[in-house]
Amino acid sequence: MPYKPDRYDPYAGSKRPVNNRSVNNQPSGRPSRNAQSNRARMNRIAAERRRRARRRQTARRLLAFAVMVVVFVTLSLFLWSRRDDIGSSLAAVTGLFSGEKENKPTDKKPTEEAPAETSDSEDPVETTASHFGQNGHDFILQSDIPLFMDQERAIVLIDAGHGGIDGGAPGYLGDGTQVKEANIVLDIAFKLKAELEARDIETYMIREDDTFFSLYARVARASLLSLDYMSALQPELVNDRDYVSQMTEKLMIPININSDDRSTGAFGFMKGYGMSKEQMELIDLQQNCSNVIFVSLHCNAHDYDTTLHGLQAYYCHDDVVEIDEADGLAAQTDPVGNAVYHGRDNERNQLLAQYVYDGTVGKAPFLSGTNAGKPVLAGNYAVLREHGLAGTLLELGYMSNSSDLQQLRDPDTQQKIAAGIGLGIEKYFLKLFNP
Ligand SMILES: [Zn+2]
């Protein structure tokens with residue numbers, strides 16, 4: 001049997017022929033030839049022991065290193081799989097500590113009050129996780145919508161119509177200069193914001209400058225805000241993170257696509273006639289947000305009848321939507337038909353419109369006595385129909401009427417209009433909370 005070095009044999013590797021194991025077991029079986037050779041042997045044994053010790057140490061180190069590698073790889077894979085959650089948490093925490101709780105909507109585009117037909121979709125709106133759940137709730141909305149911290153205050157979402165590529169109805173001054181509806185309603189929107197805040201009513205501007213927001217992006221923003229708010233109010237909703245994150249994701253689609261062109265898919269779950277089940281559920285939830293209302297500001301225009309003038313306040317009513325949608329559905333060649341929603345608080349909507357109308361014409365009498373039909377009336381507008389918040393859409397006079405136009409452009413009159421709307425809203429909330 002050929003000699004094979006044995007790593008457990010202290011003699012392994014030595015030149016000494018060890019074909020007999022008994023040598024190891026009885027090293028002192030016979031006397032060494034002299035002390036020198038004994039010392040040399042002991043030195044070899046000691047050296048061999050040191051080598052064995054070093055080998056064992058190396059093996060232990062290799063094993064420890066291998067364990068660390070496995071742990072590191074496993075941890076890395078886990079973190080990578082959760083990177084989205086972690087990233088948004090970090091962003092939220094960063095935002096929290098930097099005091100950033102309100103990001104303004106900036107880059108969007110405009111739209112019409114009626115379901116729109118065309119408009120190119122622009123750059124998607126950047127989404128950032130800027131919200132941290134109030135009251136310690138740590139769900140995160142992937143939006144730049146501010147979080148309403150105070151659950152008791154009245155909140156008004158101010159929707160200045162049009163903007164950006166969508167100037168709205170044009171008006172013409174005596175010298176032919178064109179005036180844009182979008183600019184007039186934005187001026188009034190800022191004045192309304194100040195009026196409401198002076199009354200300790202919280203506000204949120206759907207747009208704050210001359211940028212475009214599609215109708216469905218506006219609605220989605222309102223819904224995101226109410227989702228945020230409801231999550232704080234309703235513990236069962238806060239706990240249902242799947243629902244909150246699912247709905248947030250769906251609502252970000254119209255916000256990001258920001259187009260009222262039906263072919264873009266920007267309507268998301270608001271697509272088609274009637275309402276999908278999930279939208280109905282969301283609207284049902286929104287009915288509970290009685291202290292959040294949606295106020296849309298517009299000016300009217302007529303193509304040829306320049307005598308039409310005055311204020312009209314619209315509100316959403318189930319019956320009007322149903323009739324309208326049935327007509328629309330019948331006219332479609334490839335309709336997406338859902339059941340029609342019945343569950344709006346029609347009376348509440350009407351009450352809001354009436355109070356706002358009364359307040360406005362009280363402060364700006366030139367807007368009273370509209371000759372365009374009923375001053376307070378139900379209408380099927382997307383910005384009132386597609387969410388469950390109480391809302392009103394105001395047509396603040398006619399751009400096509402020279403007298404209305406002159407007044408609407410006047411900053412003092414704009415201030416009066418804003419004061420009147422603010423007064424009407426205040427009265428509405430007082431009535432609502434102190435019936
Ligand atoms: Zn308009």
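View 1. Strands are DSSP runs of E with at least two residues, helices are runs of H or I with at least four, and both are numbered from the N terminus. E1 and E5 (residues 292-300) run parallel, joined by 6 bridges. Two strands pair if DSSP finds at least two bridges between them. Residues are numbered from 1 along each chain as its sequence is written. Because the model is predicted, local features need pLDDT of at least 70 and side-chain atom pairs count only at pLDDT 80 or more, while totals for chains, interfaces and linings use all residues.

View 2. E4 covers residues 202-205. It runs parallel to E1, with 4 bridges between them. Here Leu157 has Tyr204 as its bridge partner.

**View 3. Strand E1 is covered on both faces.** Ile155, Leu157 and Asp159 lie on one side, Val156, Ile158 and Ala160 on the other, and all are buried. A buried residue has 20 or more other C-beta atoms within 10 Å of its own; 12 or fewer makes it exposed, and in between it is partly exposed, with C-beta atoms placed from the backbone. Why is E1 largely enclosed by the rest of the structure? Because 6 of the 6 residues in this strand (residues 155-160) are buried. Across the protein chain, buried residues make up 40% of the 435 residues.

View 4. H7 holds 17 residues, 241-257. At 1.5 Å a residue it should span 24 Å, and its end C-alpha atoms are 24 Å apart, which agrees. The expected span is 1.5 Å times one less than the number of residues. Buried residues of H7 include Val244, Met247, Leu251 and Ile255. Asn258 follows H7 and has a positive phi, near 50°.

**View 5. Helices H10 and H13 cross.** The axes of H10 (residues 346-363) and H13 (residues 411-433) come within 7 Å and cross at roughly 145°. Axes are lines fitted to C-alpha atoms, for helices over the stretch in contact, and angles run from 0 to 180 degrees between N-to-C directions. Among the residues that meet are Leu351, Tyr355 and Val356 in H10, and Ile417, Leu423 and Tyr428 in H13. Two residues are in contact if their C-beta atoms, placed from the backbone, lie within 7 Å.
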